[in-house]
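Please set out how the two chains of this model are built and where they meet, with the cut-offs behind each term.

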Amino acid sequence: MRDPINSTITGIKPSGIRKFFDVVSEMKDAISLGVGEPDFDTPWHIREEGIYSLEKGRGHYTSNAGLIELRHEIAAYMERRFGLGYDAVKEILVTIGGSEAIDLGLRVMLDPGDEVIIPQPSYVSYEPCTIMAGGTPKIVELKAEDDFRLNPKALLDAITPKTKVLVLPFPNNPTGAVMGAEYLEEIAKIVIQKDLFVISDEIYAELTYGQKHASIAQFEGMKERTVVINGFSKAYAMTGWRLGFACGPVNIIKQMTKLHQFAIMCAPTTSQYAAIEALKKGDDDVARMCEAYDARRRFLLHELNRMGLSCFEAKGAFYVFPCIRHLGMTSEEFATDLLKEERVAVVPGTAFGDCGEGFLRISYAYSIEKLKTALQRIERYLNQKGKV
Amino acid sequence: MENNSVSEKSLKERILRIIDKNSKLSVQELSVMLGNTEQEVAAAVSEMEADQTICGYTTLINWEKVDNEKITALIEVKVTPQRGQGFDVIAERIYKFSEVEAVYLMSGGFDLTVIVKGNSMREVAGFVSAKLAPMEAVLSTATHFVLKKYKEHGIAMETEQIDERMLVTP
């Protein structure tokens, strides 16, 4: 029998996080700080709106691009939060989470051999999605000395005549890094000068601390070459509802909508109704959760630094990214050993790209009590290893 | 320390929002969580204790889990307000009893809500008939016993907190 599988697909490495998940799952008493989603439940008024839509029998398809009322709400949100005006009819697509939008965006923009610049450490899907779209990933390393921002010089060095798309993953998972307007400006200049396009994954846009999120689409000449991706998972604690959106130029959104139509039809109707409520009345929920994350973030940074695991001050998402290089172990060795010895799960930085070596991703989507317990165990581990 | 995204909100308000749900945290922990110095947090807390913004530190207990089953009653009380003193004097006479957990002045069909705790229904009934009802200013009482507490102080009492998230996700 012939091999039924496409060779491009077999060539893609499975997510490194998956391997670690299997190990953790076998330990019943493990405390995990390895989760990439909010610990809060979806606010009740949003859930209730979803339930109400079901009671009303709203279990049908919506238009391919999503309920027009939801797209109007998304347009209003983009305007009030970022001053970005998008046409609800032609420039917004509602997707199954931000991850579908990433996949669609790359697929509609890439021709075979086009290069995509992917800063790493970053979310796990950019690289495989690029490969599946026939593109060639070019990794640019984000460095601790730049506070894990994209360095303009490193970007320039990576650009070749074949470069077409830059993925901009800020606020960043796993580092927690943000890129303020003053840094984005430099990047925008290069993008325009080199005639590139940007997929800006802004799924954590609402979760920044001490400064408001800036979008690269806000710079002159950038909106027409940027697909902004956002969604409801992180800001409104709606991960399982699977709802995201893409905003961008008419020509790109049109083609993304076409692909979405063939592969997906439309995003889940229940989720779309709930999302309308989230955008209309969810601002206070976002502020409340954000304040709680901020307090935990400070707590975690303070404690890890005190234990000698140096942490740059992450100002976005809900992750910190401590360095363990001085311990003479790889990230995976540390994470595996910590799990075995003290039953605490953290994610090796290498799950987010090879250059995550020497770092760990620790999530603070946990209550202070849980963080405290986990930190006590981590400290005990470091003490036992004589590493403090 | 960098500026907090909520720095426009006062430190006191930020402290209160945290300890409203968890009064167990130490000044040191609060200072780390809020990004202020321990001195600033300690001073703010002392000020709020002094001016009675913070009136005490309590623990939210589900007494049903303990043998000691206390009875709670909500009593609607109609009273005659006193000239020149309104409802305050009669409210004070009522809330000074140690059995009384809370007293609220109400709009609508009656005047005061009195929450009373006791060890038995008999004890609460005794308090109402012997102390509360006979007060000169009290015109009438209607006693309702609490059968089950679902939620108190913003916290659902019996829901089990299960983390249903997968242990590790990207």
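Which residue of β3(B) does B:Val103 stand opposite? B:Val103 stands opposite B:Val114. The model is a predicted one, in which local features need pLDDT of at least 70 and side-chain atom pairs count only at pLDDT 80 or more, while totals for chains, interfaces and linings use all residues. Residues are numbered from 1 along each chain as its sequence is written, and chains are lettered from A and ligands numbered from 1 in the order in which they are written.

**Strand pairing**

Helices (H or I, at least four residues) and strands (E, at least two) are DSSP runs numbered from the N terminus, and two strands pair if DSSP finds at least two bridges between them. Two such pairs are set side by side below.

| Strand pair | Sense | Bridges | Opposite residues |
|---|---|---|---|
| β3 (residues 115-120) and β4 of chain A | parallel | six | A:Pro119 and A:Val140 |

The hairpin of β2(B) and β3(B) has six residues between its strands, and B:Gly108 there takes a positive phi near 100°.

**The sheet of chain A**

In chain A, seven strands form an open sheet with mixed pairing, in the order β2-β8-β7-β6-β5-β3-β4. Its edge strands, each pairing on one side only, are β2 (92-95) and β4 (136-141) of chain A, and the twist from one strand to the next averages 20°. Helix α4 (residues 68-82) of chain A lies across β2 and β8 (244-247) of chain A and runs at about 115° to β2(A); here axes are lines fitted to C-alpha atoms, for helices over the stretch in contact, and angles run from 0 to 180 degrees between N-to-C directions. Helix α5 (residues 97-109) of chain A also packs on the sheet, and its direction makes about 165° with that of β7(A).

**Cores**

A nonpolar core is a set of buried Ala, Val, Leu, Ile, Met, Phe, Trp, Tyr and Cys residues joined through C-beta atoms within 7 Å, where a residue is buried if 20 or more other C-beta atoms lie within 10 Å of its own, exposed if 12 or fewer, and partly exposed in between, with C-beta atoms placed from the backbone. The largest nonpolar core has 134 residues, and A:Val165 is among those that touch the most other members. Helix α11 (residues 283-306) of chain A supplies the largest share of this core, eight residues. Another core, of 16 residues, lies apart from it and includes B:Val79 and B:Ile94.

A:Tyr366, in the loop between β12 (360-363) and α13 (368-384) of chain A, counts as buried because it has 22 C-beta neighbours inside 10 Å. A:Tyr366 is 326 residues from A:Phe40 in sequence, yet 8.6 Å from it in space, C-alpha to C-alpha.

**Helix packing and the chain contact**

In chain B, helix α1 (residues 11-19) and helix α3 (residues 38-50) pack at an angle of about 80°, with their axes 10 Å apart, which makes α1(B) roughly perpendicular to α3(B) (angles under 35 degrees count as roughly parallel, over 145 as roughly antiparallel, 65 to 115 as roughly perpendicular and the rest as oblique).

Between the chains, 16 residues of chain B are in contact with 24 residues of chain A, contact meaning that the C-beta atoms of two residues, placed from the backbone, lie within 7 Å. Helix α2 (residues 27-34) of chain B gives the most to the side of chain B that touches chain A, with four residues.
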